[in-house]
Amino acid sequence: MARSDRAYRKLVRKKTILSAEREYKDILLRDCENEVQRKTDDYRARLMRELYTAHPEWIPVEEAEKAVYENRMMQFDSDMAFTMKQASNRAAKVISKTPTSAPQEEQKLQQLQEEQTALRESYSRWLTEEIHRQLSDVSVTSPERDKALADIETAVKAFRAEQEKMAGAQMEKIRRAEDAKIQKLTVSLERAQTSPTGKLTLPEGVVLRVQDLCMYFGGVHAVDGLSFDVKKGEIFGLIGPNGAGKTTVFNCITQFYKPTSGTLLFENKAGEVISLPEEKVHDVVLQGIVRTFQNVEVIREVSVLDNLLIAGHRQFTAGIGTQALHLPALKKQERIIREKALRVLDFMGLTECKDWYAAGLPYGILKKIEIARTLMCDPQLIILDEPAAGLNDTETLELADLIRRIRDTIGCTILLVEHDMGLVMNICQTICAISFGKLLAIGTPEEIQKDPQVQKAYLGESDEEVEK
C-alpha cells in the first residue's frame with residue numbers, strides 16, 4: 001500500500017481523535033445522568049434526616065441496623081486499605097533496594113491480605129449481632145410515619161422530574177455540539193482516506209491471516225513457512241515445545257521482528273485490511289493489536305492506576321504546545337483516558353488497589369494489571385504470551401474465566417501461547433501446534449489431542465518406533 005509516512009500518521013491521528021470525541025460525548029451524557037441521580041439522592045437524604053430528627057422514634061430497626069453497619073464497615077475497610085497500602089509502599093521500597101527480595105515481600109503481602117479477609121468476616125459477624133442486640137427494642141411503625149414517608153417520596157419524585165427535565169435540555173445541547181464535531185471529523189477523515197489500487201482483502205470472518213511466514217536468524221529457521229487464520233471473536237491457541245518459535249511468531253505479528261518473508265494481513269479497528277510488515281512497531285497498537293509478555297512488564301515504581309494511564313498514552317493526540325500550556329484539549333483527553341482506566345479496573349476487579357504501588361503486589365495481581373493495560377488501547381486482537389506462567393491452580397481458573405469475559409464482553413479476539421495444556425484445551429476453540437517453526441496440526445482441541453504428530457512432538461518417540 002503506497003502511502004507517505006506523514007500522510008499515514010495524519011490519518012491515524014484523525015481516527016484516534018474521532019474515537020476520543022465519541023467517548024467524550026458518552027462521558028458528558030453520563031455525567032448529566034449521574035448528576036440527576038446524585039441530586040435526587042441528596043434531596044431524599046435531606047428530607048429523611050429532617051423527618052428522623054423531628055421524630056427519632058420513627059426510625060425503623062432495619063434502616064438503623066443498615067446505616068450503622070454500613071458506616072462501621074466503611075470505616076473498617078478504610079483502615080484495612082490504609083494498612084495494606086502502607087505495607088505495599090514498604091514492600092516497594094525494599095524491592096527497589098533489594099530486587100531479589102521480591103518473592104518474599106509478595107508472599108508477606110499475600111499473607112496480610114488473607115489475614116484481613118478473615119478478620120473482616122469475623123468483625124462483620126460480631127458487628128451484625130451487636131447492632132441487632134442493641135436495637136432490638138427500637139420503635140415500631142405508625143400511620144403518621146407511613147404518611148410522612150409517602151409525602152417524602154412524592155416530593156422526591158417531583159424533584160427528580162424537574163431535574164430530569166433540566167438534564168434533558170442540557171443533554172440535547174451536548175448532543176448537538178458533539179454530533180457537529182463528530183460529523184466534521186468524520187468528513188475530514190473520509191477526505192484523508194487513501195484509495196489504493198490493489199485493496200487487500202480477507203475471507204469473511206477472518207481477522208488475522210498468517211501465510212507462508214518465515215523468520216530466519218542467519219542459518220536458524222525460527223519460523224519456516226507457517227500459515228494459519230484467526231477468526232473474529234475466537235480464542236486461538238498457539239502451542240509447541242520449548243524453542244518451537246511461538247514467541248517469534250508473536251514478535252513478527254507485532255513487528256518487533258520484520259519477517260524474512262511471508263504475508264501478515266490484519267483487519268484493523270476501522271475495518272480496513274492492512275499488511276502488518278508495512279507498519280512501524282509503535283503504530284501496531286493503533287491498528288488494534290496489543291500484547292503481553294512472558295515476563296511481567298508492569299512499571300513497579302508507580303501506582304496500578306498510573307500503569308493503566310501510561311498504557312493509554314498512544315491515544316493522546318495533543319501536541320507539545322497543548323500539553324505545555326495545559327489547554328482544554330489536553331484536559332479533555334486526560335478525562336477520557338482516566339475514565340477508561342477506572343472502567344477497566346472495575347472490570348478486572350482491581351479498583352480497591354488502584355492507588356497502591358505495583359511493586360510488592362502479589363504475582364497474580366501483577367498478571368491482571370498487565371492484561372488490564374492491553375484493554376486501555378481499544379484492542380481488536382489481544383496477544384497473550386504465556387499468561388498462566390507462575391500462577392497456581394486457582395489463579396489459572398480465574399484467568400480462564402477472565403479471558404472468556406474479555407472475549408464475550410469487550411468483543412476481542414484472543415491469540416495466546418501457553419504451556420498449560422489444561423488451560424489451552426479448556427478455553428481455545430482452535431489450536432495451532434508447531435515444532436521447529438513448522439506447522440504440525442491445526443484444529444479443535446479434540447483433534448489436536450488425538451493428532452499423532454503433536455503427541456510425538458510433546459512426548460517423543462518410543463524405543464520401538466526408533467528401532468523401526
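Visitor: Which residue stands opposite Gly237 in β9?
Guide: The residue opposite Gly237 is Ile431. The model is predicted: local features need pLDDT of at least 70, side-chain atom pairs count only at pLDDT 80 or more, and totals for chains, interfaces and linings use all residues. Residues are numbered from 1 along each chain as its sequence is written, and side-chain values use heavy atoms, with hydrogens and water left out.

Visitor: Why are β6 and β10 called edge strands?
Guide: The open, mixed sheet has the order β6-β7-β8-β3-β9-β10. β6 (289-291) and β10 (438-443) each have a single partner strand, so one side of each is left without a neighbour in the sheet.

Visitor: How do you know whether the span of helix α9 agrees with its number of residues?
Guide: The expected span is 1.5 Å times one less than the number of residues. For the 21 residues of α9 (residues 328-348) this gives 30 Å, and the end C-alpha atoms are 30 Å apart, so the two agree.

Visitor: Which residues of α9 are called buried?
Guide: Among them are Leu330, Ile337 and Met348. Buried means under 20% relative accessible area, exposed over 50%, and partly exposed in between (1.4 Å probe, protein chains only). Just after α9, Gly349 takes a positive phi of about 75°.

Note on methods
Helix = DSSP H or I, 4+ residues; strand = E, 2+ residues; numbered from the N terminus. Pairing = 2+ DSSP bridges.
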